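Let's take a walk through this structure together.

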Amino acid sequence: MSGGSIPRLVIAAPSSGAGKTTVATGLMAAFAEAGLVVSPHKVGPDYIDPGYHSLATGRPGRNLDAYLCGPDRIAPLFLHGAAGADLAVVEGVMGLFDGASGMGELSSTAHVAKLLRAPVVLVVDASSQSRSVAALVHGFASWDPEVRLAGVILNKVGSDRHEELLREAMGSSGVPVLGALRRDGLAGTPSRHLGLVPVAERRAEAVESVRELAARVRAGCDLEALLALARTVPELPDAAWDPAAEVAAAGGTAAGARSPARPLIAVAGGAAFTFSYAEHAELLAAAGAEVAPFDPLRDEQLPPGTQGLVIGGGFPEVYAPDLSANAPLRVAVAALAASGAPVSAECAGLLYLSRSIDGRPMCGVLPAEARMTERLTLGYREAVALRDNALAAAGTRVRGHEFHRTALEPGAGTDPAWGLTHPERRVEGFVTGGVHASYLHVHWAAEPSLARRLVAGAARGAVAPGAAR
């Protein structure tokens with residue numbers, strides 16, 4: 001089997017809340033338990049669902065976002081992530097045809113399915129309907145003839161009789177029913193203000209939840225038919241995305257090479273900082289860095305020899321007491337920032353670098369205070385770097401995503417990180433010394449120069465005071 005013909009399915013739904021995540025994760029786990037190498041993917045910028053996907057498959061959960069990365073990169077990123085897999089399962093986002101606001105199909109599940117030339121299986125919440133399910137599926141199947149809606153999984157079915165009525169109605173639709181799951185039969189996953197609770201915060205319970213999902217999906221779905229459907233895909237003509245080639249094309253370390261200095265970049269992880277794209281660490285390594293993960297909830301010092309720092313998104317507001325209590329690490333982070341070493345902080349990282357979160361002391365790198373709010377800030381953004389900094393050269397244009405229920409006062413420093421250009425115009429974030437801190441989540445695969453620039457800065461910079469080389 002060539003890389004371009006990897007069997008693949010897209011799991012979609014008419015709307016959010018129909019059960020895409022539970023069904024997709026259950027399918028991934030069931031196929032993995034059957035001995036297949038399963039590659040997990042998620043449409044859109046979501047960080048939390050891929051954690052459950054990774055738990056189900058043992059492989060990194062990867063995002064496919066045509067807004068953040070551009071349509072031309074979707075198939076290459078898919079092929080990179082799915083290399084060596086027997087099957088790829090792609091979980092959609094929102095409703096099948098819901099994309100970036102005001103931009104038509106861009107970044108919708110349907111758009112990504114077309115880019116991957118993959119069949120779509122629609123998960124339908126059948127809890128309050130019987131014959132109407134056929135009309136709903138007919139509408140979705142006929143809306144865009146380029147989308148191959150090849151099967152339906154009926155979710156939240158009430159009884160044997162209810163399932164019989166649904167299957168009878170679907171009999172004349174031309175779309176086969178590939179599964180039926182009872183409304184009380186699927187294990188749940190707890191939610192919070194930004195969605196599901198990440199795997200890192202409840203690993204033991206999450207393992208059991210995924211195991212239960214696999215059992216329920218295996219009992220309720222026709223796995224043989226789903227696998228046969230996945231194998232009907234055509235070849236993708238694209239070459240797989242290659243982080244080394246991308247960095248080289250951006251003017252960084254030649255493909256396959258390592259910088260003589262090979263600076264160590266520490267990357268925050270653990271339960272408080274779970275939001276990260278797998279490609280970021282790959283790009284850092286391709287640019288010549290040694291990537292060292294650490295957990296700000298547990299580790300009292302940065303990894304020895306740290307010359308640069310990446311702090312991604314997550315839930316620092318939930319763990320503010322523990323983060324604040326780890327004073328030795330807060331001091332070490334502040335010292336690294338004061339040394340001029342490059343520090344890239346997104347969203348949760350931005351809050352961690354502030355003076356405080358809801359009154360609890362943080363690293364004090366930024367002259368700002370953070371607090372929880374009732375307001376959800378959510379949406380795609382377009383931005384430009386207003387001046388040269390540790391992450392981006394002046395004029396670098398990126399697309400990003402905001403997703404938080406916190407506020408920072410002030411929201412921007414004297415030297416802002418970004419000038420937002422769409423859908424609103426404002427400045428945002430902080431640039432101070434080697435620190436670049438912002439609410440904006442950016443996918444570096446769309447702009448590999450960000451990783452190259454960070455690593456180059458670390459190679460030129462200082463090691464945190466007191467850290468062993």
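Start at Glu279, which is buried at 1% relative accessibility (buried means under 20% relative accessible area, exposed over 50%, partly exposed in between, with a 1.4 Å probe and protein chains only). Its salt-bridge partner is Arg62, with N and O 3.2 Å apart; a salt bridge here is a side-chain nitrogen of Lys or Arg within 4 Å of a carboxyl oxygen of Asp or Glu. Glu279 sits in helix H11 (residues 278–286) and Arg62 in strand S3 (residues 62–64), 217 residues apart. Arg62 is buried too, at 8%.

A word on what you're looking at: this is a predicted model, where local features need pLDDT of at least 70 and side-chain atom pairs count only at pLDDT 80 or more, while totals for chains, interfaces and linings use all residues. Residues are numbered from 1 along each chain as its sequence is written, and side-chain values use heavy atoms, leaving out hydrogens and water.

Now hop over to helix H1, residues 20–33. Helices (H or I, at least four residues) and strands (E, at least two) are DSSP runs, numbered from the N terminus. Of the 14 residues in H1, 11 are buried, among them Val23, Leu27 and Phe31. Glu33, in contrast, is partly exposed at 46%. Glu33 pairs with Arg218 in a salt bridge of 2.9 Å, N to O. Arg218 belongs to helix H8 (residues 203–220), so this contact ties together parts 185 residues apart in sequence. Just past H1, Gly35 has a positive phi of about 100 degrees.

In total, the whole structure holds 22 salt bridges.

Definitions and conventions: Expected span 1.5 Å × (residues − 1).
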